[in-house]
Amino acid sequence: MEVKDHIFINGYQHISYRPEIISEEEMVRKSESFYDWLDSRRSVRDFSEQPVPKEVIANLIKSASTAPSGAHKQPWTFCAVSDSILKAKIREEAEIEEKENYENRMSERWKKDLEPLATDMHKPFLEDAPWLIVAFKRAYEFDERGEKYNNYYVNESIGIACGMLITAIHNAGLVTLTHTPSPMNFLAKLLNRPSNERAFLLLPIGYPKLPTYVPNLKRKGLDEMTVFYE
Ligand code: IYR
């Protein structure tokens with residue numbers, strides 16, 4: 001059969017796409033080894049100050065930007081911070097919020113649930129890590145006349161992009177932590193972001209401070225999280 005390299009639908013060009021087909025045997029092998037590799041990722045709270053090249057951070061962000069998004073609106077902005085004065089300001093304001101969280105806003109149950117993770121209000125990683133990426137979701141855009149129009153499935157879109165970013169960080173041999181100081185409004189102010197952007201997640205990126213210990217957590221097994229309907 002002759003395959004055209006492009007066709008038109010609703011007046012828009014669609015290009016021929018042919019992902020590489022692999023044998024079932026190779027599929028089993030690859031999916032298993034990818035799982036083993038992904039399962040070796042751990043969130044790390046203690047970072048070394050060793051620098052990471054900007055080019056690597058750019059590649060990580062480009063990887064995240066390959067995520068699917070509602071109507072392909074790509075409703076995200078990634079702010080990559082290595083400036084130590086800015087990192088110190090972010091730490092200072094995050095710790096103010098976290099102090100309030102730990103002392104007044106979080107329930108006893110919540111704090112008990114965090115005991116295995118050994119977290120507290122102190123966030124030295126916000127200064128130690130060579131880079132912080134703050135992912136902002138773009139709730140809406142402005143058209144040519146300056147009118148607002150909403151993006152679609154914004155939380156889903158940026159959530160998927162952040163998942164892919166975390167995977168890319170692991171692939172680069174670096175570590176991260178999903179940090180959500182809440183409320184996060186101070187980040188938009190410090191980074192001078194426009195009104196349509198809301199901070200979604202803050203990811204410190206770098207090398208672990210050695211020796212590093214992580215909590216001995218177990219992940220749910222397949223049977224605990226999967227229902228097959230065959
Ligand atoms: N934001 C706080 C508390 C915290 C909450 C959850 I849920 C965690 O999984 C970890 C921490 C902090 O960053 O310490």
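Visitor: What does it take for two strands to pair?

Guide: Strands here are DSSP runs of E with at least two residues, and helices are runs of H or I with at least four, each numbered from the N terminus. Two strands pair if DSSP finds between them at least two bridges.

Visitor: Which order do the strands of the open sheet follow?

Guide: First, a word on the source: this is a predicted model, where local features need pLDDT of at least 70, side-chain atom pairs count only at pLDDT 80 or more, and totals for chains, interfaces and linings use all residues. Residues are numbered from 1 along each chain as its sequence is written, and side-chain values use heavy atoms, leaving out hydrogens and water. Now to the sheet: it has four strands with antiparallel pairing, and the order is S3-S4-S8-S7.

Visitor: Which strands sit at the edges?

Guide: An edge strand pairs on one side only.

Visitor: Which residue of S8 stands opposite Thr176?

Guide: S7 pairs with S8, residues 197-206, in the antiparallel sense, over two bridges. Opposite Thr176 stands Ile205.

Visitor: What is omega for the peptide bond between Ser182 and Pro183?

Guide: Pro183 belongs to the loop between S7 and helix H7 (185-190). The bond joining Ser182 to Pro183 is cis, and its omega is about -5°.

Visitor: Is Ala71 buried or exposed?

Guide: Ala71 sits in the loop between helix H2 (54-64) and S3. Its phi is positive, about 50°, although Ala71 is not a glycine. With a 1.4 Å probe and protein chains only, buried means under 20% relative accessible area, exposed over 50%, and partly exposed in between. At a relative accessible area of 56%, Ala71 is exposed.

Visitor: And what is the relative accessibility of Asn192?

Guide: Asn192 lies in the loop between H7 and S8. Asn192 has a positive phi too, near 60°, in a residue other than glycine. Asn192 counts as exposed, with a relative accessibility of 66%.

Visitor: Stepping back, what share of the residues counts as buried?

Guide: The protein has eight helices and eight strands, and its C-alpha trace spans about 65 × 55 × 40 Å along the principal axes. Of its 230 residues, the buried share is 32%.
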